[in-house]
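Please read it with the viewer open.

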Amino acid sequence: MPRSVLDCLVIGGGPAGLTAAIYLARYRRRFQVVDAGRSRAVLIPTSHNHAGFPEGINGRVLLGRMTEQARKYGAHIVPGSVTRLERRPDGVFLATLDGEPIPARTILLATGVVDREPELPAVSDVIRRGLVRHCGICDGYEAMGQRVGVIGQGNSGLHEALFLRTYASDITLLSLGRPLTLTAEERRQAAQAEIAVVEEPVRRVVVEGDQVRALNMLSGVCRSFDVLYAALGSAARSELVRGLDTHLDDKGCVVTDEHQRSSTDGLFAAGDVVRSLDQISVAMGQAAIAATAIHNRLRGVPSPREAPDDTLSFSPQDLCTCCSPLDARRR
């Protein structure tokens with residue numbers, strides 16, 4: 001692609017970035033997607049709650065289909081990592097890719113997050129095989145009636161364990177030898193929900209077939225599970241925008257308004273890098289909103305005015321400016 005100024009540079013090739021690519025391509029925008037290949041979606045063995053796939057869909061397969069769809073409309077998707085992002089005095093962004101600057105009028109950050117993985121023996125192989133899960137919302141239903149282990153050292157682990165009580169009664173909260181930072185009230189909640197608490201280190205992971213069957217504790221006790229969840233939190237991949245003084249929350253996620261605009265003019269964000277519910281469907285919805293807002297910005301359509309309380313009123317008509325109000329009412 002020539003090095004003249006792009007309408008938009010999409011950084012990230014996960015569900016959010018690829019959804020934005022489909023929209024921007026169909027809006028006939030001149031853009032590029034840079035994909036480092038680190039989307040968490042590639043680790044999903046089967047997603048059961050993504051609408052439209054009643055039998056579930058593998059994460060890599062989903063990304064492959066989305067890539068094919070975006071390229072059908074002419075989307076330019078390249079592998080690589082953006083290592084630097086800056087903004088010129090004229091408002092144009094400069095992204096450094098493989099040592100070369102890419103100028104763009106707008107940026108859509110869709111870099112996601114990286115999960116904090118548990119300190120287990122041979123954890124990389126266990127994670128790669130999808131034997132440790134990270135999302136009870138995604139697949140808690142599939143753990144119905146099973147023995148569930150939740151790895152966590154704070155209240156996030158307890159909250160995950162309590163959430164999974166929707167599906168299972170045999171739940172153990174594991175701290176892997178770290179101090180379990182729960183208040184007396186939180187420990188009372190765990191006891192009331194009949195959630196066992198184990199703070200002992202793990203010596204060995206017992207894997208049978210495609211399941212983590214047990215954790216051999218340091219004491220020699222073997223604790224058996226059908227499903228193992230990690231609830232250690234995640235880190236937002238927002239390093240690129242820290243130098244732009246973009247407003248981030250206490251978790252490092254990009255703060256956006258209802259049109260996915262950040263505090264840095266021309267910088268949009270979508271997906272898990274934004275503080276929201278970390279779900280594929282949410283990432284796709286945010287990307288559709290962001291891509292449409294970017295398209296409207298580039299064609300000179302003013303954004304809705306901010307309300308006095310600094311929130312934005314939001315309706316489909318705020319984004320859909322291709323018809324008159326009368327035409328919209330007839331639809």
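The points below go from the whole chain to single elements and one side chain.

1. Ground rules. This is a predicted model, in which local features need pLDDT of at least 70 and side-chain atom pairs count only at pLDDT 80 or more, while totals for chains, interfaces and linings use all residues. Residues are numbered from 1 along each chain as its sequence is written, and side-chain values use heavy atoms, with hydrogens and water left out.

2. Overall content. The chain has 10 helices and 17 strands. These are DSSP runs numbered from the N terminus: helices are H or I with at least four residues, strands are E with at least two. Of the 331 residues, 48% count as buried. Buried means under 20% relative accessible area, exposed over 50%, and partly exposed in between, with a 1.4 Å probe and protein chains only.

3. Surface and contacts. The chain exposes about 16600 Å², and carbon and sulfur atoms supply 50% of that area. The areas come from the Shrake-Rupley method with a 1.4 Å probe; for residues, only the protein chains shown count as cover. Among contacts with a separation of 6 or more, residues 24 or more positions apart account for 60%. Contact means heavy atoms within 4.5 Å.

4. The open sheet. Five strands make an open sheet with parallel pairing, in the order β8-β15-β9-β10-β11. Its edge strands are β8 (132-133) and β11, each pairing on one side only. Strands pair if DSSP finds at least two bridges between them. Inside the sheet, β9 and β15 run parallel and are joined by four bridges. Ile-151 has Ala-230 of β15 as its bridge partner. Helix α5 packs on this sheet and touches β9, β10, β11 and β15; its direction makes about 160 degrees with that of β9. Axes are lines fitted to C-alpha atoms, for helices over the stretch in contact, and angles run from 0 to 180 degrees between N-to-C directions.

5. Helix α5. Which residues of α5 (155-164) are buried? They are Gly-157, Leu-158, Glu-160, Ala-161 and Leu-164.

6. Strand β5. Five of the five residues of β5 (93-97) are buried, so the strand is largely enclosed by the rest of the structure. In a regular strand the side chains alternate between the two faces of the sheet. Here Phe-93, Ala-95 and Leu-97 are buried on one side, and Leu-94 and Thr-96 on the other.

7. Partners of β5. β4 (82-87) pairs with β5 in the antiparallel sense over five bridges. Val-82 has Leu-97 as its bridge partner in β5. This hairpin has five residues between its strands, and Gly-91 in the turn has a positive phi of about 95 degrees. β6 (100-109) also runs antiparallel to β5, joined by five bridges. There Leu-97 stands opposite Glu-100. The β5 and β6 hairpin has two residues between the strands, and Asp-98 takes a positive phi near 55 degrees.

8. Thr-19. Leaving aside neighbours within four places in sequence, Thr-19 is in contact with Met-66, Met-284, Ala-287 and Ala-288.
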